[in-house]
Amino acid sequence: MLGFLSRFFRPRQCLDPKDPEALRSAFREHYRHFRVLLTANNNALELMSVADERLHADKPFGMGVVRGTLTALAANVYKMVHALVALSDGRYKDLHERFRIITGQIEVILSHQPEVKGTAMILAMDEIGRHDADQVGAKMANLGEIRNRIGLNVPDGFAITAVAAKHFMEASHTQDEINRRLKMLDIDDLESLYLVSGDIQDLIRHAPLPDDLASAIATHSQRLTREGSLRVSVRSSALGEDGALGSFAGQYRTHLGVGTTAIPSAYKDIIASKYQGQAIVYRQQMGYRHQDVLMGAGCMVMVDAAVGGVAYSRPPDDPQSPWVVIHAAPGLGHQIVDGSAPYDLLHVSRDSEQDIVTLGLAQPDRSCLATGQIRELARQAMQIEAHFGSPQDIEWAIDTEGRLFILQARPIVQAVTQPNPERDQARMSITRPPLLEGGITASRGIAAGRVHKVGCLLDILNFPEPAGENAVPDTILVVETPFPDWAVLMDRVCAVVSESGQAATHLATVAREFGVPALFDLSDAFTRLENGQTITVDATARRVYEGRVEELLQFTEEKRPSLMEGSPVHTLLKEALTLITPLHLTAPDSPFFKPSSCRTLHDITRFCHEKALTEMFNFGHRHGARDRSAKQLSVIGMPAQWWVINLDDGYREDADLSSPFIRIEDIVSAPMLCIWRGMTAVPWQGPPPVSMRGLGSIIAQSAMNPQLDPAVRSSMAGRNYFLLSKNYCNLSVRLGYHFALAEASFSELLTESYVNFQFKGGAADERRRQRRVNILGDLLRGIGFRVDIKGDSLTARIEKRPVSYLEERLVILGYLLIHTRQVDMVMDEDAVVARYLDKLQADIQKLRTPSMEKEMTHGTPP
Amino acid sequence: MERPHNILLIDDEEDFLQTTSRRLQRRNFEVRTAPRCADAMPEVIAGWPHVVVLDVMLPDTDGMECLRRIKQEKPQLPVVMLTGHASMQASLQGLERGASDYCLKPIELDELVEKLIIAYNDAGARAG
């Protein structure tokens with residue numbers, strides 16, 4: 001029993017102050033734990049910034065990155081907790097539990113699985129409506145809606161639900177195998193992408209369909225069979241597809257003319273197409289995890305098509321347009337979206353007149369459609385738009401008996417650019433003749449880059465690597481035909497040029513979504529453009545120029561649209577970060593500054609850092625060790641008193657440790673000496689004259705708030721402390737009404753080299769204090785700090801830089817600590833502020849001179 | 001900062017073993033490799049490595065079990081866990097069982113070297 005209890009009540013070691021050896025080694029051990037904690041703190045804070053930046057940047061990121069970053073973060077916080085518990089001889093054990101709870105919650109968020117709704121494996125077309133999208137996918141749900149609610153012709157058929165797909169994958173254990181392979185995949189390595197993709201698709205195609213699903217499919221096919229024979233189309237209808245967040249156009253396969261016995265294998269192939277190369281890349285770019293896309297499929301009776309094609313209820317780049325756009329070709333018109341067939345292009349006015357404008361014909365002098373058919377088609381397109389409430393992209397076919405069928409409808413992803421008269425002006429002023437002119441704007445915009453022609457799969461494998469983290473791609477994809485297969489390259493190019501095809505192709509849809517300018521149907525483009533050639537593509541004006549046309553390129557400031565916003569991965573990261581980055585613990589003096597108040601990982605790091613400092617500070621005190629307790633810095637002429645605590649090896653070997661004072665000459669802490677040099681470099685000139693208004697605000701403030709700065713540790717209230725060792729320094733300063741904390745660590749390892757700075761307060765009113773931190777923030781950013789301002793509080797950090805870089809910044813920080821205080825009393829006088837800023841800048845400039853860098857002597861008191 | 005010299009890499013990915021060991025050797029480390037835990041244990045028992053780099057997904061015994069064995073033999077020997085995919089549970093479990101640090105593949109060589117040095121020096125602290 002006693003043994004059990006002793007695990008919880010380890011008595012505080014009472015070290016004999018007369019045993020210096022034991023004391024020293026105990027202290028050393030504490031100090032090592034302290035350093036471990038500091039390094040982990042530094043890593044954790046950096047990772048928090050990284051994660052936060054990811055959330056707000058435009059670059060896509062995948063689940064792997066999210067998990068990697070957050071796991072590393074958790075590992076570092078774990079180390080902090082353990083270091084603190086060791087450092088404090090077992091206190092704060094409650095932190096373990098808090099940490100476990102918070103990381104448990106984060107893990108739950110990260111492994112969130114989308115819910116598969118419903119129980120039915122198959123739904124007949126007659127039963128389907130819009131609200132069934134979460135079972136059958138948007139494609140089939142919309143078709144059901146069009147058939148059953150709007151009452152237009154949609155071929156009969158049935159939908160195979162996401163539940164069925166899940167059942168199929170689980171029963172055959174295929175999903176586990178797939179997950180295993182995907183985990184190791186680097187999608188930027190196209191060769192391995194295609195290999196793994198091929199393997200996965202084979203796995204699915206060869207997996208057996210569960211008996212219940214196979215017989216359900218058979219039953220429903222029977223119902224569709226007319227006069228003994230049945231041909232169906234089998235298409236993907238993924239959940240999450242065709243929504244506002246992404247069209248997923250052309251990402252999955254379609255099977256046409258499938259006979260009854262072939263339906264199961266066609267279905268498996270559709271499911272397999274989820275793992276096509278371009279689908280994997282597309283998901284990555286759009287912020288979807290593989291498990292976020294649930295595959296449904298639809299079987300529909302084949303239309304014996306005489307004519308078919310695509311209709312846009314409004315042109316993709318003009319939601320206000322008065323025209324309906326129709327593409328038509330003989331047969332099913334499926335080749336239109338694949339970009340491989342010539343077609344009729346018609347505009348029909350949306351008013352009652354229904355004027356028809358023919359913009360192009362597949363066969364000269366022969367229109368695919370009769371006037372009546374054109375108008376009926378336009379009417380139905382507008383009907384569908386009205387029903388769904390937004391412009392629609394519609395696939396249609398007219399059978400040999402003249403009946404119009406709707407085969408697919410989805411919202412058009414709008415990519416609208418703002419009108420810009422300057423840009424139009426620039427266009428007109430260009431004197432050089434274009435290399436190529438004409439074609440069709442598939443996606444608006446202007447870009448310049450080097451040509452890379454792609455004619456076959458091998459060319460894809462040789463495609464230039466994606467640009468680095470923050471770089472813009474400078475490659476232009478040039479093809480003969482805009483096959484959807486090329487979509488896998490969309491994140492590596494700044495523009496697309498195709499000799500054929502038009503705006504209704506899948507590739508164009510994806511280009512618009514990604515904000516990549518695309519010019520199609522540009523005759524001879526493939527033959528006339530050379531690999532490596534630099535060109536400027538103005539897709540909007542339908543021109544291609546030799547070289548870079550800077551007059552035009554200045555108008556490409558429009559950012560690529562943030563594809564990730566609102567996507568599943570983005571949302572997961574956002575949710576996980578609510579348990580990580582918000583800081584609730586702020587005031588160390590508050591009774592709420594304890595483990596049970598920690599709600600986020602940031603709270604835990606704050607708690608650990610603060611308590612670790614307190615522990616180190618108190619160590620000397622507690623054990624009555626003269627050499628470890630605070631000594632006063634003996635210096636004349638500084639506007640404050642400075643106290644020093646030696647954490648390890650911060651004093652010179654032969655320093656007189658019995659004295660309550662310590663001389664600056666006896667301090668060998670490199671970071672501390674840098675700060676000191678900055679503090680003493682320019683003589684203190686006293687506070688600036690205070691205006692009457694400024695003074696009034698200070699008096700009012702002081703009256704309201706006796707404890708002006710709750711951020712100061714009460715044990716150290718009223719004093720300024722250096723906690724130091726040879727390579728570490730932590731300085732907390734209270735000068736006038738401000739509180740500042742500077743912490744620096746020097747090491748040969750970048751991981752352990754950093755400078756942190758926190759600043760808060762000031763005696764003047766809120767507005768002035770805020771203005772001051774803004775000015776301070778600008779000054780710090782100017783010398784390389786990463787700055788974060790909240791209200792009148794500022795935190796600034798520099799991480800992982802060589803010591804020489806940090807030294808220079810610390811000197812300037814030391815200077816700022818002394819010289820900016822109380823300036824905010826006069827913040828409302830712009831002229832005075834400007835004068836002080838000039839002085840600050842000039843002084844900083846002086847501090848940056850190389851000659852000062854060289855001399856590492858101690859600052860001499862003025 | 002003391003620099004460890006003998007590094008033992010335990011990983012079932014041949015590519016990773018080859019590339020990483022070459023790169024570490026260029027940085028003046030002496031490197032031995034093992035594709036499975038069983039192959040690694042003799043080195044551990046003999047006391048050769050200063051730091052062990054361990055992949056948590058090993059074929060013959062899972063990484064956690066290997067970690068346990070190593071710590072049983074040499075409690076003070078620092079082990080840095082490496083993994084190709086992140087699992088918060090796995091990494092925290094590893095740390096709880098005595099791993100010094102946790103890294104995600106692919107890892108930059110500079111970062112790995114610093115982690116090895118830190119792990120080596122921290123272990124010294126714990127021992128002392």
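**Close-up views of the predicted model**

**View 1. Contact between chain A and chain B.** In this predicted model, 24 residues of chain A are in contact with 20 residues of chain B. Bringing the two chains together buries an area of about 2,100 Å², and carbon and sulfur atoms give 65% of that area. On the side of chain A, the residues that lose the most area to chain B are Thr71(A), Tyr78(A) and Leu749(A); together these three account for 25% of what that side buries.

View 2. The side chains of Lys79(A) and Asp101(B) meet in a salt bridge, with an N to O distance of 3.6 Å. Helix 2 (20-56), helix 3 (63-87) and helix 4 (94-110) of chain A each supply at least two residues of the side of chain A that touches chain B. Helix 3 of chain A gives the most to that side, with 9 residues. By residue class, the side of chain A that touches chain B comprises 12 nonpolar, 4 polar and 8 charged residues.

**View 3. The open sheet of 8 strands in chain A.** The strands of this open sheet follow the order 12-19-18-14-15-16-17-13, and their pairing is mixed. Strand 12 (436-437) and strand 13 (440-443) of chain A are the edge strands, each pairing on one side only. Within the sheet, strand 14 (residues 446-453) and strand 15 (residues 475-479) of chain A pair in the parallel sense over 4 bridges. His452(A) stands opposite Leu477(A), a residue of strand 15 of chain A. Helix 16 (residues 506-514) of chain A packs on the sheet and touches strand 13, strand 16 (495-498) and strand 17 (518-520) of chain A. The direction of helix 16 makes about 60° with that of strand 13 of chain A.

**View 4. The open antiparallel sheet of 6 strands in chain A.** The strand order of this sheet is 9-8-7-6-10-11, and the pairing is antiparallel. Its edge strands, each pairing on one side only, are strand 9 (356-360) and strand 11 (404-411) of chain A. On average, neighbouring strands of this sheet are turned by 20° against each other, direction ignored. Strand 6 of chain A and strand 10 (residues 392-399) of chain A run antiparallel and are joined by 7 bridges. Ala397(A), in strand 10 of chain A, is the bridge partner of Gly308(A). Helix 13 of chain A packs on the sheet, touching strand 7, strand 8 (344-349), strand 9, strand 10 and strand 11 of chain A. The direction of helix 13 makes about 145° with that of strand 10 of chain A.

**View 5. The salt bridge of Arg314(A) and Glu385(A).** Over all chains, the structure holds 39 salt bridges. One of these links Arg314(A) with Glu385(A), whose closest N and O atoms are 3.3 Å apart. Arg314(A) lies in the loop between strand 6 (305-312) and strand 7 (323-330) of chain A, whereas Glu385(A) lies in helix 13 (residues 371-388) of chain A, so the pair ties together parts that are 71 residues apart in sequence.

Notes: Residues are numbered from 1 along each chain as its sequence is written. Chains are lettered from A and ligands numbered from 1 in the order in which they are written. This is a predicted model: local features need pLDDT of at least 70, side-chain atom pairs count only at pLDDT 80 or more; totals for chains, interfaces and linings use all residues. Side-chain values use heavy atoms; hydrogens and water are left out. Contact means heavy atoms within 4.5 Å. Buried area is the accessible area (1.4 Å probe) that two parts lose on being put together, summed over both. A salt bridge is a side-chain nitrogen of Lys or Arg within 4 Å of a carboxyl oxygen of Asp or Glu. Ala, Val, Leu, Ile, Met, Phe, Trp, Tyr, Cys and Pro count as nonpolar, Asp, Glu, Lys and Arg as charged, and the others, Gly among them, as polar. Two strands pair if DSSP finds at least two bridges between them. Axes are lines fitted to C-alpha atoms, for helices over the stretch in contact, and angles run from 0 to 180 degrees between N-to-C directions.
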